[in-house]
Amino acid sequence: MTVIHELEVPIEVYCKLHGVGRAIMVIDYGYNVNTVWVVRLGGGIVKHFLSNDIRILGNPMDGSVVDIPLDWVKNI
């Protein structure tokens, strides 16, 4: 059973090879498939990412630091 959930408040995430974006939807296909995150990137681009390919960014005000793997950094 597939479940699609629209996030009322977008979540800031870092996406592998694409940088910072805002997650707007989550799609769950079941226990044997990774969750898919629908993310709006800069310029209005919308892409889908498996849960392994994103990191939810922390709040710098409370000292949360998220480690971004070096091979994920967007090449300009």
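Predicted model: local features only at pLDDT ≥ 70, side-chain atom pairs only at ≥ 80, totals over all residues.
**Entry 1**

Buried is under 20% relative accessible area, exposed over 50%, and partly exposed in between, with a 1.4 Å probe and protein chains only.

Residues are numbered from 1 along each chain as its sequence is written, and side-chain values use heavy atoms, with hydrogens and water left out.

**Entry 2: chain**

I counted elements next: the chain has five strands and zero helices. Both are DSSP runs numbered from the N terminus, helices being H or I of at least four residues and strands E of at least two. Along the sequence the pattern reads β-β-β-β-β. Of the 76 residues in the chain, 22% are buried. The C-alpha atoms fill a box of roughly 35 × 30 × 25 Å along the principal axes.

**Entry 3: sheet**

I traced the strand order as S4-S3-S2-S1-S5, an open sheet of five strands with antiparallel pairing. S4 and strand S5 (54-56) are the edge strands, each pairing on one side only. The twist averages 45° from one strand to the next; axes are lines fitted to C-alpha atoms, for helices over the stretch in contact, and angles run from 0 to 180 degrees between N-to-C directions. Two strands count as paired if DSSP finds at least two bridges between them.

**Entry 4: strand S3**

I then went through S3 (residues 36-40), where four of the five residues are buried. S3 pairs with strand S2 (residues 19-28) in the antiparallel sense over five bridges. Five bridges also join S3 to strand S4 (residues 46-50), again antiparallel.

I listed some partners:
- Val 26 has Trp 37 in S3 as its bridge partner.
- Met 25 stands opposite Val 38 in S3.
- Val 38 has His 48 in S4 as its bridge partner.
- Val 36 has Leu 50 in S4 as its bridge partner.

The hairpin of S3 and S4 has five residues between the strands, and Gly 43 takes a positive phi near 80° there.

**Entry 5: Val 26**

I checked what Val 26 touches, leaving out residues up to four places away in sequence: Val 3, Ile 4, His 5, Leu 7, Thr 35, Val 36 and Trp 37. Contact means heavy atoms within 4.5 Å.
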